[in-house]
Amino acid sequence: MTTVATPRTASPTGTPARPRTALDWRIRFGVLSLIWGFSFLLIKVGTDGYAPFQVTFGRLLFGTAVLMAAMAVKRERLPRGARTWGHLAVAALLLNALPFSLFAYSELTIPSTLAGICNATSPLWGMALSLVALSEDRPTRRRVAGLGIGFLGVLTVLGVWQGFHGLDATGTAMALLASLSYPVGWIYVRRTLAGTGASHLSMTGAQLLLATVQLAVVTPLFTTLPSRFPVVPLLAIVALGALGTGLAIFLQYGIVAEVGPTTAQMVTYFIPVIATAAGVAILGESLAWSTPVGAVIVLAGAALTQAKPRR
């Protein structure tokens with residue numbers, strides 16, 4: 001559930017700055033995987049008491065609050081320039097407001113396990129799009145094979161040989177569109193916001209702030225104020241925002257700065273495993289054999305698409 005793709009900062013010598021913290025990055029990587037893996041469970045619980053747009057708005061609101069607090073502690077300012085804010089508004093839509101809302105709506109009709117596995121198709125969509133949109137990403141036999149294997153895994157998860165029997169087509173399509181929205185946003189950011197000079201934290205804070213404003217406008221148009229406020233779903237939304245969005249993005253920001261985006265992106269491969277385990281163990285969701293088998297095939301294909309060509 002990667003939600004940001006901002007340019008890396010550099011040291012005065014021109015090499016990427018890689019600050020280190022007291023807590024080893026591997027531990028933070030594991031915590032990030034757990035947080036994002038459990039996010040699909042929290043979405044499911046949140047939608048049991050509130051409308052999907054309300055879940056998304058709460059998620060963004062609490063997530064933004066965490067990042068604004070982090071920026072205040074680090075004494076970082078929001079980026080400047082109308083052009084930058086315009087591009088950030090588009091990034092906020094593609095990387096936050098739209099996919100978060102789609103996942104929330106999808107989990108009204110599909111299990112959280114399936115939503116988590118659909119999220120794992122994001123690297124596949126990204127590879128397919130980058131071959132077209134980014135000239136520096138040239139196709140290789142390994143990457144093309146990875147795409148083919150990955151989408152074969154998607155068909156396995158969906159049970160294509162059964163004619164998608166028992167599968168909610170609308171909910172599944174929403175989850176897949178949400179996963180597609182991420183790489184579209186990454187490519188947009190890469191083309192428009194690279195080299196701005198602002199830090200990851202500053203850009204991400206502004207991006208989440210704009211996404212919150214977008215949902216603040218949309219939510220009242222499609223929902224009504226709840227007549228009651230169920231406690232458990234409300235706590236799930238708070239955790240989804242403060243942990244699954246704010247803290248998770250802050251952790252990702254630190255990992256990217258320390259070990260680079262390629263290593264940080266590996267978190268994508270752990271999310272569906274954790275989401276599936278949480279959905280089955282805690283929510284009691286059923287699990288057909290094709291779901292874990294297809295998920296393994298999806299992850300194998302995604303790993304191939306991310307493999308660097310040999311020199």
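Trainee: How many of the 8 residues of H4 are buried?

Mentor: In this predicted model, 8 of the 8 are buried, so H4 is largely enclosed by the rest of the structure. Buried means under 20% relative accessible area (1.4 Å probe, protein chains only). Helices are DSSP runs (H or I, at least four residues), numbered from the N terminus.

Trainee: Nice. Which residues are buried in H4?

Mentor: They are Ser-112, Thr-113, Leu-114, Ala-115, Gly-116, Ile-117, Cys-118 and Asn-119.

Trainee: And which residues of H1 meet H4?

Mentor: Phe-40, Leu-41 and Lys-44 do, and on the H4 side their partners are Ser-112, Ala-115, Gly-116 and Asn-119. Contact here means heavy atoms within 4.5 Å.

Trainee: New topic: where does Leu-60 lie?

Mentor: You'll find Leu-60 in helix H2, which covers residues 52–74.

Trainee: Is Leu-60 buried or exposed?

Mentor: Leu-60 counts as buried, because its relative accessibility is 0%.

Trainee: What is Leu-60 in contact with, leaving aside neighbours within four places in sequence?

Mentor: Its contacts are Asn-96, Ala-97, Phe-100, Leu-208, Ala-211, Thr-212 and Leu-215.

Trainee: How far apart in space are Leu-60 and Ala-216?

Mentor: From C-alpha to C-alpha, Leu-60 and Ala-216 are 9.7 Å apart, although 156 residues separate them in sequence.

Conventions: Residues numbered from 1 in each chain as written. Predicted model: local features only at pLDDT ≥ 70, side-chain atom pairs only at ≥ 80, totals over all residues. Heavy atoms only, no water. Helix = DSSP H or I, 4+ residues; strand = E, 2+ residues; numbered from the N terminus. Buried < 20%, exposed > 50% of the residue type's maximum accessible area, 1.4 Å probe, protein only.
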